[in-house]
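Thank you all for coming.

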Amino acid sequence: MSHELIVECTQKELESFCEKYPEWKVSLEKNKISRIFPLKSYFKGLSFLQSIGWLAQKYNHHPDLELSFSAVKCHLTTHDIGNKISKKDLLLAESIEQHW
């Protein structure tokens, strides 16, 4: 993955991302983007987690994930730049959306 993706996002980039993907929420206080994916069953959640896992390996960028009976929560931040939101986070989030 290119090092140019491991830079902090600008406010304009975050706003553009949020317009395109309003389900993702930006927390500037916690320096992360998050989304809750509602599910109809626990096993659909396990399958979706596995899909996210493969994407994480592909991009070498690993989100924090939470699985409950009816949802998967995904949180993205970039540790390499001091736990800030990077272009790498937005790229992985977009890829996750395509697999949703």
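This is a predicted model: local features need pLDDT of at least 70, side-chain atom pairs count only at pLDDT 80 or more; totals for chains, interfaces and linings use all residues.

Let me begin with Glu 13, which forms a salt bridge with Lys 87, the closest N and O atoms being 3.3 Å apart; the term here stands for a side-chain nitrogen of Lys or Arg within 4 Å of a carboxyl oxygen of Asp or Glu. This pair links distant parts of the chain, since Glu 13 is in helix 1 (residues 11-20) and Lys 87 is in helix 3 (residues 87-99), 74 residues apart. Helices and strands are DSSP runs numbered from the N terminus, a helix being H or I with at least four residues and a strand being E with at least two.

Residues are numbered from 1 along each chain as its sequence is written, and side-chain values use heavy atoms, with hydrogens and water left out.

Glu 13 is partly exposed, with a relative accessible area of 25%, and Lys 87 also counts as partly exposed, at 30%. In these terms, buried means under 20% relative accessible area, exposed means over 50%, and partly exposed lies in between, with a 1.4 Å probe and protein chains only.

How many salt bridges does a search of the whole structure find? It finds two, and Glu 97 forms one with Arg 35, where the closest N and O atoms are 2.6 Å apart. This pair, too, links distant parts of the chain, with Glu 97 in helix 3 and Arg 35 in strand 2, 62 residues apart. Glu 97 is buried, with a relative accessible area of 15%, and Arg 35 is buried at 7%.

**Aromatic rings**

Turning to the rings, the count comes to seven aromatic pairs, where rings of Phe, Tyr and Trp (its six-membered ring) pair if their centres lie within 6.5 Å, and planes under 30 degrees apart count as stacked, over 60 as edge-to-face and the rest as tilted. Phe 17 and Tyr 21 have ring centres 5.2 Å apart and planes at 45 degrees, so this pair is tilted, and both residues are buried. Phe 37 and Phe 48, by contrast, form an edge-to-face pair, 4.9 Å centre to centre with 65 degrees between the planes. Because Phe 37 lies in strand 2 (residues 32-38) and Phe 48 in helix 2, the pair ties together parts that are 11 residues apart in sequence. Phe 37 is buried at 0% relative accessibility, and Phe 48 is buried at 6%. Ring pairs link Phe 17, Tyr 21, Trp 24, Phe 37, Phe 48 and Trp 100 into a cluster.

**Cysteines**

The structure holds zero disulfides, a disulfide being a pair of cysteine sulfur atoms within 2.5 Å. For Cys 9, the nearest cysteine sulfur, that of Cys 18, is 10.0 Å away, and Cys 9 itself is buried, with a relative accessible area of 9%.

**A surface patch**

Finally, Tyr 42, Phe 43, Leu 46 and Phe 69 make a nonpolar surface patch of about 460 Å². Patches are made of residues with over 30% relative accessible area and no salt bridge, like charges being joined within 9 Å and nonpolar side chains (Val, Leu, Ile, Met, Phe, Trp, Tyr) within 5 Å, and accessible areas come from the Shrake-Rupley method with a 1.4 Å probe, where for residues only the protein chains shown count as cover. Leu 46 has its place in helix 2 (residues 42-59) and is partly exposed, at 38%.
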